[in-house]
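Take a look at the model below. The text then walks through a helix, a loop residue and a chain contact.

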Amino acid sequence: MERYDVIVVGAGPAGLSAAIETAKCGMRTVVFDENAKPGGQLFKQIHKFFGSKENKARIRGYRIGEELLAEAERSGVKVVLNATVMGLYAQKEITVRIGDAIKHYKADNVLIATGAAESVVRFPGWTMPGVIGAGAAQTMMNLHHIRPGKRILMLGSGNVGLVVSYQLLQAGCEVVALVDAAPRIGGYGVHAAKVSRCGVPFYLSHTIVQAEGTDHVTGVVIGEVGPDWKVIKGTEQHFDVDTICLAVGLSPMSQLLKQAGCAMKDTKGGYVPECDAYGRTSMDGIYVAGDVSGIEEASSAMLGGSIAGITIACDSGYLADGSEQIAKYEKALGNLRKGMFAPENRGKKITQTEEGIAISETLLECGYVADSEIERYPGVTHMEGVHPVIECTQNIPCNPCQDVCPKKCITIGNNITALPVVDSKSQCIGCGMCVAACSGQAIFLIQEDIGDGMGTVTIPYEFLPLPEKGQIGIALGRDGQPVCKAEVLDIKSSNAFDHTNLLTMKVPRDMVMRARFFKS
Amino acid sequence: MICVNDIEKEIGVFVPMEDDDVLVCRCEEVTKGEIRRAVHAGMTTIEEMRRFLRCGMGLCQGQTCGKLVKGIVAAELKINPLELEPAVSRAPMRPVEMKVMGKDGGQGGDAV
């Protein structure tokens, strides 16, 4: 039987990050993953990540995956794919199915980083072809380049539902509605806003009554839910769709830990192992990292993995003192867990920003900031010449806009969750770096007066084919409704923008604060 | 724990619901109505439910329906789902053909 110093189960962001640390300390490390490709969910993530430089903000998820894999290889981590871990037994012996064989391995340390699986909800017709998980839709689109459907209804307004809805639009699908039983949008407002301005209507306090069709989905009925979470009779409405996407949460895949005998606890976030801040479970030598120990997102999974990896190396005597490294990762992790969407704020209704500015109710209930609300945020200013307008209205831990501005026009400060402030004295040169760097696509360049009663709006644009210069189309408002005619003046693409194109459109002066999307 | 003989005293008799025929465990084709009836027949834990109806025992091993079954059983018992004892977790973690299991080389198995 082959022995290792460390066996990692799961080659996602947490598992790979941990393996890199243990391998760097000279521990013989192997990672088993049941999938044909490593990286967990990272290679499906085509959007830019939030955060700061330290946690790879404004880099697209799949790039982070590529970097992580390359680093694992450099560090001497062995990754075995199509290898399903079947059981975890006494003395840290595991059985792994590889091809048509079951193999046994032992290690001094086992780290479980199996991640999570998508949850479902049931309604009449939910087992028909055409009802799919949002993660499945992402796999089809972003890994296999297959469009999951033509007309789609999304259930779930958390970040997964919002991000995948946007990606469905990018793939050329029509998203007919974004539905959530909760009365308020669960994910980041900026993610909701970018879906909203493309014209997708939000139905909060609504749920699916039934999927229609005989052998596949041909339609869906939704209805408004009352305070008892039951559908109010008479509120039902029908949509023609061929696909229903479910983004209703994730469940940790913690079965291996339970089977091994680790102390477990049942929580609202799923069935998870008892563990300390460093990933140690109740069993000596068994560690956890990532979503299996509680659902967060990829950036925190990577940091948690690194912390667990260093802890394993320290506990095993391969590293004399890891406290400095751990402190560095803990600081970054602490930063990610700040702000309105921090774990301790889950389920709470927050009405004011840290700055004391009222949160946009329209954003929470309809998916966009109303024209009457937008002026109260510190990133929204008026000045002569071209300047950024930052429609960032919630405290989330993210600051690339501050880093990329060559003229230092944008300030967030040391508190990473603070709303960006546009300095009225600095000279914007209109380079557009901030527009492309904003992971929430919430920054626009505005020139309020270019003469003849016209102004320009530059928007981040991630759709293909790109419109032509000179093309006339319709400018859509934050709510996705047409506001005026628009002419494309310029389309800028650059390696520095990383696939975010900057579309500049000419609109009447009084529309520069309303026009936020271009439809050809 | 509720005594099986007293169960209907505690939770009342079985009342049919509109959506009783909706599938919950798609792997083993178990409906909501079957799960609710099983509670009234005295199956008050997920473990018993699995043995009795096989819900959560199929291809996905309850990864899809586990939460749903828990919710339905808890609602029928009028308790919080967190109060239910979670199901036991056993190897193999994924369904595996007997011909593969049979070839398990044991501790002397070959290395990769």
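Predicted model: local features only at pLDDT ≥ 70, side-chain atom pairs only at ≥ 80, totals over all residues.

Residues are numbered from 1 along each chain as its sequence is written, with chains lettered from A and ligands numbered from 1 in the order in which they are written.

Start with helix H3 of chain A, residues 134-143. Helices (H or I, at least four residues) and strands (E, at least two) are DSSP runs, numbered from the N terminus. The buried residues of H3(A) are Ala134(A), Ala137(A), Gln138(A), Met141(A) and Asn142(A). They fall within an arc of 100° seen down the helix axis, so they line one face of H3(A). That arc is taken over the directions from the helix axis to the C-beta atoms. Buried means 20 or more other C-beta atoms within 10 Å of the residue's own, C-beta atoms being placed from the backbone; exposed means 12 or fewer, partly exposed in between. The buried residues of H3(A) pack against strand S8 (131-133), helix H4 (159-170) and strand S15 (243-246) of chain A. Just after H3(A), His145(A) has a positive phi of about 55°.

Next, Gly339(A). This residue sits in the loop between helix H8 (323-336) and helix H9 (361-366) of chain A. Gly339(A) counts as buried because it has 22 C-beta neighbours inside 10 Å. Not counting residues up to four places away in sequence, Gly339(A) touches Asn395(A), Ile396(A), Pro397(A) and Thr417(A). Contact here means C-beta atoms, placed from the backbone, within 7 Å.

Finally, the chain contact takes 28 residues from chain A and 30 residues from chain B.

Note on methods. Contact = placed C-beta atoms within 7 Å.
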